[in-house]
Amino acid sequence: MREQRMLSQVVPNTDDISMAGTLFTSRTLESFGMVDLTQLPAPTIRVAVVDREASAPFGYRFSAESPAEVESVVCRQLTDVLDRPAEEAVVAPALVEALAGPILRGLVPQAASSTRHYVVTDATIPAEPGEVRESFCTVGPDELTAVLTSPVDKEPEDLLVLLNSGSDPHTGPGRAWVDYARQVAPSGFGVLRVDLRGWGDSPDNETPPGRPYDQHAVGDVARLVRALRADGWRTISVGGLCAGAWIALEAARSGALDGVVALNPQMYWQPGDPVEALMSTTRQRREPEIARIKSAAARGVWDMQDAAGDRPPAAQWLDDLAAGGSKISLIFSEGDDGLEYLRDRLGRRLAAAISSGRVIVGEVPGIDHGMHRVWLRSQMISAITSALRRTKVQQPDGRG
């Protein structure tokens, strides 16, 4: 409950509440208050006790007023989760089935002892502006776990791949990737939300547990894109937020991508720099650097150095992206640190990249760095869709 409250905020000028990526309107909250729990029939309590050995003693008590149905489940793979540090834990399919079995038998009384035929891999999801089709899938030579969102009325030929942001799995920060995928797909695009190696539900394959800016992620993206091209996708764009955007831009320097949708990339970051969990912590650390950059920018120092060829690594990135084959969309929340750096430190180089026609820069008002202001996500969705249309191949009749 404390975590939910921490991730909650009141929508300005309303009584609506945004909680961990879900918007609860005042009308919904009012209807919650009308539910009288004392008038609901007492449910039968179904209890599943999962342990490593069948001989483990129970000792669980339930009151006579709340009759319970107790089921014992033995799963030796529990050791792989409970007896290891969290970052090294392994959730085996057998454990998932052991946990899912009692749940499914509770929800569907006629279910057989095996739960395999209840596994759902495809579903039609209500969304705005229309329904979408979603499929769980395994993609590429690294067998990455992903969710593909597509329009229901056609097979898309143009794909956006959304990478892990920060330490979020394929749901994205506050389920932003879920919202973006379901609202972008009806425009005719496929959206693949993927976990790279070491993240979410994908296998580690001998990599360490995932961390932001992991260098192996660039190779993961390259191999994934090659596999997706072999599957027949016409254009492939890669998108991400913050560290995920950084990985997407680095992958684009090889020229393997048709487009990049980089949300709030922090291009000042270079391998070896600290990796902090919060942007506020990063900004506090960078305050002296930010002040120095702004002071020199006001005196024209950086433009003079740029003209002389004295440039930081991020400037070389901009040159590579402007000269490459990918269409780059740098989309920032209003006043974001990454945009501030580009304007103050790399103003001349950024202007040159934009003039190439390969790089565009957008700023979305109001939205926060982590996209947690759910009520403003529609603006970011519009920016993402526009970026994808730049990449989409035009047919002879002018259609995408």
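Arg253 is partly exposed, with a relative accessible area of 31% (buried means under 20%, exposed over 50%, partly exposed in between; 1.4 Å probe, protein chains only). The model is predicted: local features need pLDDT of at least 70 and side-chain atom pairs count only at pLDDT 80 or more, whereas totals for chains, interfaces and linings use all residues. Residues are numbered from 1 along each chain as its sequence is written, and side-chain values use heavy atoms, with hydrogens and water left out.

Arg253 forms a salt bridge with Asp320, with the closest N and O atoms 2.6 Å apart (a salt bridge is a side-chain nitrogen of Lys or Arg within 4 Å of a carboxyl oxygen of Asp or Glu). This pair links distant parts of the chain, with Arg253 in the loop between α7 and β12 and Asp320 in helix α10 (residues 313-323), 67 residues apart. Helices (H or I, at least four residues) and strands (E, at least two) are DSSP runs numbered from the N terminus. Asp320 is partly exposed at 25% relative accessible area. Arg253 also forms a salt bridge with Glu250, at 3.0 Å between the closest N and O atoms; Glu250 is partly exposed at 23%.

The whole structure contains 26 salt bridges. Arg283, Glu287, Lys294, Asp337, Glu340 and Asp344 are linked in a network of such bridges. Asp220 forms a salt bridge with Arg197, the closest N and O atoms being 2.7 Å apart. Here too distant parts of the chain are linked: Asp220 lies in helix α6 and Arg197 in the loop between β10 and α6, 23 residues apart. Both partners count as buried, Asp220 at 0% relative accessible area and Arg197 at 12%.

The end C-alpha atoms of α6 are 22 Å apart, which agrees with the 21 Å that its 15 residues should span at 1.5 Å a residue (the expected span is 1.5 Å times one less than the number of residues). The buried residues of α6 are His216, Ala217, Val218, Asp220, Val221, Leu224, Val225 and Leu228. They pack against β7 (132-139), β8 (144-151), β9 (158-162), β10, β11 and α7. Just after α6, Gly232 has a positive phi of about 105°.

Two residues other than glycine also have a positive phi. For Tyr213 the value is about 70°; Tyr213 is placed in the loop between β10 (190-194) and α6 (216-230) and is buried at 11%. For Cys242 phi is about 60°; Cys242 is in the loop between β11 (235-241) and α7 (243-252) and is buried at 16%. Cys137 is partly exposed at 24%. The structure holds zero disulfides (pairs of cysteine sulfur atoms within 2.5 Å).

Asn264, in the loop between β12 (259-263) and α8 (279-298), is buried at 0% relative accessibility. Its C-alpha lies 6.1 Å from that of Gly338, 74 residues away in sequence. Leaving aside neighbours within four places in sequence, Asn264 is in contact with residues including Cys242, Phe332, Asp336 and His369 (contact means heavy atoms within 4.5 Å). Ser150, in strand β8, is buried at 4%. With neighbours within four places again excluded, Ser150 contacts Val132, Arg133, Pro156, Ala185 and Phe189.
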